[in-house]
Amino acid sequence: MSRRRVLPADPVDRTQLPLDEWRLVESRPHDDLGLAETLFTTANGYLGMRGTPEEGRDAERHGTFLNGFHETWTINHAESAFGFARTGQTMVTVPDSSVLKLYVDDEPLLLSIADLEEYERWIDFREGVLRRELIWRTPAGKRVRVSSSRMVSFPQRHLALMTLRVEMLDGAAPIAISSQIINREDFRDDFGAGLEGGPLTDKADPRQTTDFTHRVLEPLQDWHSERRMLLGYRVANSGMTLAVGADHEVESEAEVEQLVDTSEDKGRQVVRAHLEQGQSLTVRKAVTYHSSRSVPHRELFDRCRRTLDRVRSTGFEAQFRAQQEYLTDFWRTSDVELPGQPAAQQATRWCLFQIAQAAARSDQWGIPAKGVTGSGYEGHYFWDSEIYVVPFLTFTQPRWARNALRFRTNLLPKARVRARELNQRGALFPWRTINGDEASAYYAAGTAQYHIDADVAYAFAQYVDVTGDLDFQHRDGVRVLVETARMWADLGFWRLRADGTSSFHINGVTGPDEYTTVVNNNMFTNVMARYNLRRAALAVHDLREADESAYESMRIELDLDELELEQWTACADGMQVAKDESLGIHLQEDRFLEREIWDLSSTPEEAFPLLLNFHPLVIYRFQVLKQADVVLALFLRGSEFTAAEKRANFEYYDPITTGDSSLSAVVQSIMAAEVGHQRAAQDYFRTGLFVDLANLHHNTADGVHIASAGGVWNALVHGFGGMRHDEGRISFDPRLPADWPELGFPLTVRGSRFRVRLVREEISFTLETGDEIEVTVRGQTVLVTADGAAVALADQGPLLDDSVLDRPVGLGDERADGSIMTSYVPTDPEDPWEYPVASDPDDIIDQS
């Protein structure tokens, strides 16, 4: 029954994307424009530019995005109720400044029809610059070399640099380069075709963004000089403001004419010259974006001027060097090495580079599910960040992790308001949001995912344990932990057992698996809430011991009664985590085993993902999972479960997991490796690793799956590297795949960076910076020093037969209560092989 994909070691089309361990290379213009635009996006966490061609066409989805820059709109429920999300938020495209149109003999370069003698486009992960080289034979038979580059700066988050160089290889011709800034949010083509007023359009896939049919960017001012242009806007409903500016520098042996003009929705600088054979023309374009929740555009204009003035004084080369130095430091602390695995090595580095592009300069904004690579999920932030991305940042880039968590601290006031709306104490973070308001219109698979509070708390606790940043804990972390613990203590209730003891229950919630909604005692939620409660009590105790004055200030601010700590501990100790003794598994929720099992093996491929082909009520009646739920809890809180429990749970839940969510495969890989299903671990790892490069979910055009990219690091380090942490204690129990000669990665723990090298016979550690640190390997303590330390390995863990994953344990067997679990596929009664396709967005699950 398992839907585990068995991919080849390299599922990428290498005739299109040749293999290079440090670069993503395109050997010809890509057939799938949307996919290529996502794969070749340049971004820094604040600013992102999709990989559309310099000419602006042909393109499937133009997009330049600023993290958090959004429009708001009223959510119109067919049948509303108190507490439903009221305000939608959608990330909007800011004016596109990437366009550098080229004309030779007044003929435009269009890649889709151009006669190209040579072509290569690439991005080197060590320099973070998108480059392209081509030789174009024009319709008149003249040969022209065209070289371009595009860089979104990491050191200067508001800056992007572009260059276009044209060289006449033979013949002579008039050349024109039109550098433009175009408002594509309101004008969808280069010729001014706009949108008519009207309501929001429906969308059939909740993973895609909402389109607006009203004017979004209201022009405030346009200005230009001989070499600079500025445009200013205000977003219609959200009130956010924006300024974009561009400077140009031109170099040529020939005489050059320049024309510049701006209007409300377009800026243009045209450079013209007549080039003889051997002559060239180079245009360098510096662009800056500044945005604000409310600052007037004139202030943003001044900020743009300062950014552009710095580039004018230092030059482009200085910016390129600074970019390379920035990334050199990133790779020093983050690179995962896979010798002898070139395809996996390239894909791993591409994934890590995507996390940098999503998080490096988010600077206390959140990390959107698609980063700033596309409009998928409307630019919203989910729990994905805390569980899949922040762990990577915590162990490699602690400053970035702190910024990501500060974003949650800044949302705390609105989270308190949201808790009141749902009749709870404390704070309840929104399931999906940009500005802190809940934006999930489908509450059953959205708002009901209360586990978001525990996920945020987990990330805060992990960050403090790993980094030792007690200042952050005492000022920010303790407040988040207290308010989330209050929510759990208030949400749950006590029930008396037959033996006279009491248990603490949490009802009416949805766990990570969105195919099982509004249930009682979701195992993941209860396990994570239990940890949240305990860590909150510990954080308050620690603050009181460390700084009595800071503790008293926090107590007064939060109106904290010390008896609450005892309540939290009692709730944690009494937390209901149900287990079926006959199967030896923990129940995903109280009544999970009462449902029939969905026969995944008999479900045709075109019926997946289920959420787009079956009404939610159909899905909810079955034992079928969108993504790992219980299995994720086993990984995050592994010390609370035995090896036998982990194996039993994995072997039961894995066969009924569809993998419809890109979040699932990497978690399944980690737990498969730990329990001993080594082949399954590799299969799941490849599925997560190539989800975008091979477009496995057929939606990479919407943007990079950032959480899955973070999960790749987790699968490598936690899964195959066998690293675990518990309250800051680092341990290893490796699971190196049989056909991998070696795995290496750096970790930063409490300011000390050390490198881990795993081969089949041993695991070794070498301290690179900071103080010596202790770790354990299968129970043996190791002191990590600059001289290095190694531990011999007798094996790489147990090796289990994967055939047991073909069906859930116990399927078809009589259970203790006399019932028998069966499986089938819900089909269309008119035609058992025809599957209905969902078309109404109100009938579709809200997905992360």
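Strands β11 (residues 143-152) and β12 (residues 159-170) pair in the antiparallel sense over 10 bridges. Val 146 has Val 166 in β12 as its bridge partner. Strands (E, at least two residues) and helices (H or I, at least four) are DSSP runs numbered from the N terminus; pairing requires at least two DSSP bridges. The model is predicted: local features need pLDDT of at least 70, side-chain atom pairs count only at pLDDT 80 or more, and totals for chains, interfaces and linings use all residues. Numbering starts from 1 along each chain as its sequence is written, and side-chain values use heavy atoms, without hydrogens and water.

β11 and β12 belong to an open sheet of 9 strands, ordered β1-β9-β10-β11-β12-β19-β16-β15-β14, with antiparallel pairing. β1 (23-26) and β14 (217-224) are the edge strands, each pairing on one side only. From one strand to the next, the twist averages 15°.

The loop between β13 (173-182) and β14 holds Arg 184. Arg 184 is buried, at 6% relative accessible area (buried is under 20%, exposed over 50%, partly exposed in between; 1.4 Å probe, protein chains only). Its side chain makes a polar contact with the side chain of Asp 96 at 2.7 Å. Such a contact is an N or O pair within 3.5 Å; within protein, one atom must be able to donate a hydrogen and the other to accept it, and residues adjacent in sequence count only if both atoms are side-chain atoms.

Now the helices. The axes of α8 (residues 470-491) and α9 (residues 523-546) come within 8 Å and cross at roughly 135°. Axes are lines fitted to C-alpha atoms, for helices over the stretch in contact, with angles from 0 to 180 degrees between N-to-C directions; contact means heavy atoms within 4.5 Å.
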